[in-house]
Amino acid sequence: MTVKISNKIVGYRVKKADPEATEHQAPVKAETKPVQMNEYIERPDFLLGTTYKIKPPIAEHAMYITINDILLNEGTDHESRQPYEVFINSKSMEHFQWVIALTRVISAVFRKGGDVTFLVEELRSVYDPNGGYFKKGGVFMPSLVAEIGAVIEKHLKAIGLLESEEMSETTKRILAEKRAEFEASHTTATNDEKATDFPPNATMCGKCSTKAVIVMDGCATCLSCGDSKCG
Ligand SMILES: [Zn+2]
């Protein structure tokens with residue numbers, strides 16, 4: 001459309017999008033847009049959950065961590081499973097107060113939606129001033145909070161929100177061979193191997209915090225994550 005300007009131009013303004021026009025368009029789009037996690041989603045009467053058991057040596061009894069998930073856009077191409085809430089149960093009462101507080105805060109973050117994976121990093125980097133502990137299997141946990149973070153990480157990997165760095169079959173085979181060779185040459189087998197899945201004289205891995213590093217032919221290899229350094 002051509003407009004002939006017959007008067008002097010005395011001012012101008014940038015034309016804004018008509019707010020009414022966009023408002024009218026929005027609902028039409030919203031119908032096809034997949035639902036994202038947000039705090040206004042009403043809790044369904046039942047949710048799918050997974051319960052993880054941990055037995056930190058600093059607590060008298062085992063702790064049961066339950067993470068319930070909500071299915072969004074069920075039956076569509078956009079179906080996704082999102083964590084919705086977390087509960088922690090234990091016979092131990094010594095950590096009761098802060099554990100309840102932590103679960104409420106984590107659940108609130110889950111319900112807000114968006115990227116919740118940052119929680120894992122935050123929790124896992126909490127260090128207990130008393131020094132942390134070794135879990136069964138030789139994995140070092142810097143604190144009970146960090147172990148709760150590790151459980152959430154495991155869960156987010158299981159439901160596909162975090163990528164799991166699965167080792168390739170070849171790496172697994174090479175590690176198993178190395179381990180067999182190491183154990184054959186170091187017949188220091190003791191009976192107190194229960195605490196660890198790795199050779200008793202293995203040392204701590206800087207990458208995965210597991211007591212699983214063995215030294216062979218001048219190379220240090222972690223039997224847990226495969227990290228290796230030579231020389
Ligand atoms: Zn490692």
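Predicted model: local features only at pLDDT ≥ 70, side-chain atom pairs only at ≥ 80, totals over all residues.
Four strands form an open sheet in the order β6-β7-β8-β9, with antiparallel pairing. The strands, like the helices, are DSSP runs numbered from the N terminus: helices are H or I of at least four residues, strands E of at least two. Two strands are taken to pair if DSSP finds at least two bridges between them. At the edges stand β6 (203-204) and β9 (228-230), each with a single partner strand, so one side of each is left without a neighbour in the sheet. Two bridges join β6 to β7, residues 211-216, and these strands run antiparallel. Helix α5, residues 169-185, lies across β7 and β8 (219-222) and runs at about 70° to β7. Such angles run from 0 to 180 degrees between N-to-C directions, with axes as lines fitted to C-alpha atoms, for helices over the stretch in contact. Contact, here and below, means heavy atoms within 4.5 Å.

In the loop between β7 and β8 lies Asp217. Its phi is near 50°, a positive value in a residue other than glycine. Most residues other than glycine have a negative phi. At 71% relative accessibility, Asp217 counts as exposed. The scale is as follows: buried is under 20% relative accessible area, exposed is over 50%, and partly exposed is in between, with a 1.4 Å probe and protein chains only.

I turn to the metal site. The zinc ion is coordinated at 2.3 Å by the SG atoms of Cys205, Cys208, Cys222 and Cys225. Donors are N, O and S atoms within 2.8 Å of the metal (3.2 Å for Na, K and Ca); water is not among the atoms, so sites may look incomplete. In sequence, the donor residues follow the spacing C-x2-C-x13-C-x2-C. What is the geometry of the site? It is tetrahedral, with angles of 107 to 116° among the four donor atoms; for four donors, that label requires all angles to lie between 85 and 135 degrees. Cys205 counts as buried, at 3% relative accessibility, whereas Cys208, at 22%, counts as partly exposed.

Next, the three-stranded sheet. This open sheet has the order β1-β2-β3, again with antiparallel pairing. Its edge strands are β1 and β3, each of which pairs on one side only. Neighbouring strands are turned by 20° against each other on average, direction ignored. Seven bridges join β1 to β2, and ten join β2 to β3. Thr66 of β2 has Thr51 opposite it, and Thr66 also stands opposite Phe87 in β3. Eight of the ten residues of β2 are buried, so this strand is largely enclosed by the rest of the structure. Across β2 and β3 lies α2, running at about 175° to β3.

Within β2 we find Asp69, which is buried, with a relative accessible area of 2%. Asp69 touches several residues beyond four places away in sequence, including Arg81, Tyr84 and His155. Asp69 and Gly49, 20 residues apart in sequence, are 5.9 Å apart in space, C-alpha to C-alpha. In the loop between β2 and β3 is Asn73, with a positive phi of about 55° although it is not a glycine. At 16% relative accessibility, Asn73 counts as buried.

Finally, the cores. A nonpolar core is a set of buried Ala, Val, Leu, Ile, Met, Phe, Trp, Tyr and Cys residues joined through side-chain atoms within 4.5 Å. The largest has 25 residues, of which Ile65, Ile67, Ile106, Phe110 and Ile152 touch the most other members. At least two residues each come from β1 (48-54), β2 (63-72), β3 (80-90), α2 (96-112), α3 (118-124) and α4 (144-158). Which element gives the most? That is α4, with seven residues. Ile152 touches Ile67, Ile106, Phe110, Val120 and Leu123, not counting residues up to four places away in sequence. Apart from this core lies another, of eleven residues, among them Leu175, Cys205, Ala212 and Met216.

Key. Residues numbered from 1 in each chain as written. Heavy atoms only, no water. Tetrahedral: all angles 85-135°; square planar, octahedral: opposite > 155°, others 65-115°.
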